[in-house]
Every structure is written in C-alpha cells, then in structure tokens.
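Visitor: Could you give me a close look at one part of this model, and then follow the connections outward from there? I would enjoy a slow walk through the side chains and their surroundings.

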Amino acid sequence: MMRAAFSDALKEALKNKDQCAVSTIRLILAALKDRDIAARGNGKTDGISEDEILSMLQTMLKQRAESIKLYEQGGRLELAEQEKAEMDVIRRFMPEQLDEAEMNAAVETVVKEIGAKELKDMGRAMAALKERYAGRMDFSKASGIVRQMLA
C-alpha cells in the first residue's frame, strides 16, 4: 500500500514539477530499495513490511531534524529550509502522530497490560509499543516516559 503511494506521489510531483518532492520521494524509494535488498539477504523475498517502512521514514525525519539544528547553528538557513521542506514531504506518508497526552495514555496502557513493574521490563514495554504504534509515536520520548513510570 505504501509502495504504491510513493509511486503515485512521485508521478504527481513530476507532473507538478515539484523538484523538492521529486528528489525527496526518490530518496525514500532508494532507501526502500536498499532495505528490500538487505531483507532478501535475510530470507524475506517480499522486502520489508509496512511497519519497517514507517520506521525508515521516522529515521529519515530524525536525520533531517538533526541536520536542521546543525545548519541553524552554522548559519546555513537556506539548507535548514531545504531540510524542513523535505520533512514536509516525508510527513505526507506518515500516519498522524500521537500528541503528548495520547502518548502518555498509550504507554500507561501498555505498561499495565504487560505487567511491567521494574526497569528490567522496559525492553518488553518498548517492544509492545513499537508493535502497536509503529510510525505514530516518537519512541525516544516514549522510552523516557516508560523509564519514569518504571523507576
């Protein structure tokens, strides 16, 4: 489903002559192809799953956020703007992100459901969150919330 969305978006961007969208979607497709090739080496003939695609997009967003910070510190505002535009294109393919309150509620629910009580249960809690909320949650923030609850 997402693969078709990428192809459709690329065609649309080419038609509209949206150079930023074209280059960003091509980057996404290249990263997807690399991961599919690596997955075939591990025995997955169909390539990576939708959840893994969402994880890849999340990683791409984090990379651009870090780049923006560095560009702004270095006074390269035009490059920071370009990264922000790329982030907007990537976000088109992401499901809606959970806000702070929803994230807290989701973490609390998962911690209760799996019976996590100590910090050593953090791995299980994070695995359950990643399974249920792939692409919809910032897991670095979620791990801080889990750590607070279990400490």
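**Charged pairs and their surroundings**

Guide: Let us start with K120, which is exposed because its relative accessibility is 70%, above the 50% cut-off. Please keep in mind that the model is predicted. K120 has a salt-bridge partner in E118, with the closest N and O atoms 3.7 Å apart. E118 counts as partly exposed, at 44% relative accessibility.

That pair is one example among twelve salt bridges in the count. In general, side chains of opposite charge can pair when their charged atoms come close. Another case joins E78 and R76, with an N to O distance of 3.0 Å. Both partners are partly exposed: E78 has a relative accessible area of 47%, and R76 has 42%. R76 sits in the loop between α3 (50-73) and α4 (77-91). Salt bridges also link E72, E81 and K84 into a network.

R3 and D36 meet through their side chains in a salt bridge of 2.6 Å, N to O. R3 lies in helix α1 and D36 in helix α2, so this pair ties together parts that are 33 residues apart in sequence. D36 itself belongs to the stretch of α2 that runs over residues 19-41. How accessible are the two partners? R3 is partly exposed at 27% relative accessibility, whereas D36 is buried, with a relative accessible area of 9%. Leaving aside residues up to four places away in sequence, D36 touches R3, G47 and I48.

F6 lies in α1 and F93 in the loop between α4 and α5 (100-114), so parts 87 residues apart in sequence are tied together here. Both of these phenylalanines are buried. An aromatic ring also comes up with a charge: K130 lies over the face of F139, 5.9 Å from the ring centre.

As background, most residues other than glycine have a negative phi.

Let us finish with α3. Its 24 residues should span 34 Å at 1.5 Å a residue, and the end C-alpha atoms are 35 Å apart, which agrees. After the helix comes G75, whose phi is positive, near 75 degrees. From there you are back in the neighbourhood of the loop that holds R76, the partner of E78 in its salt bridge.

Conventions: Residues are numbered from 1 along each chain as its sequence is written. This is a predicted model: local features need pLDDT of at least 70, side-chain atom pairs count only at pLDDT 80 or more; totals for chains, interfaces and linings use all residues. Side-chain values use heavy atoms; hydrogens and water are left out. Helices (H or I, at least four residues) and strands (E, at least two) are DSSP runs, numbered from the N terminus. Contact means heavy atoms within 4.5 Å. Buried means under 20% relative accessible area, exposed over 50%, partly exposed in between (1.4 Å probe, protein chains only). A charge sits over a ring if NZ of Lys or CZ of Arg is within 6 Å of the ring centre and within 35 degrees of the ring normal. The expected span of a helix is 1.5 Å times one less than its number of residues. A salt bridge is a side-chain nitrogen of Lys or Arg within 4 Å of a carboxyl oxygen of Asp or Glu.
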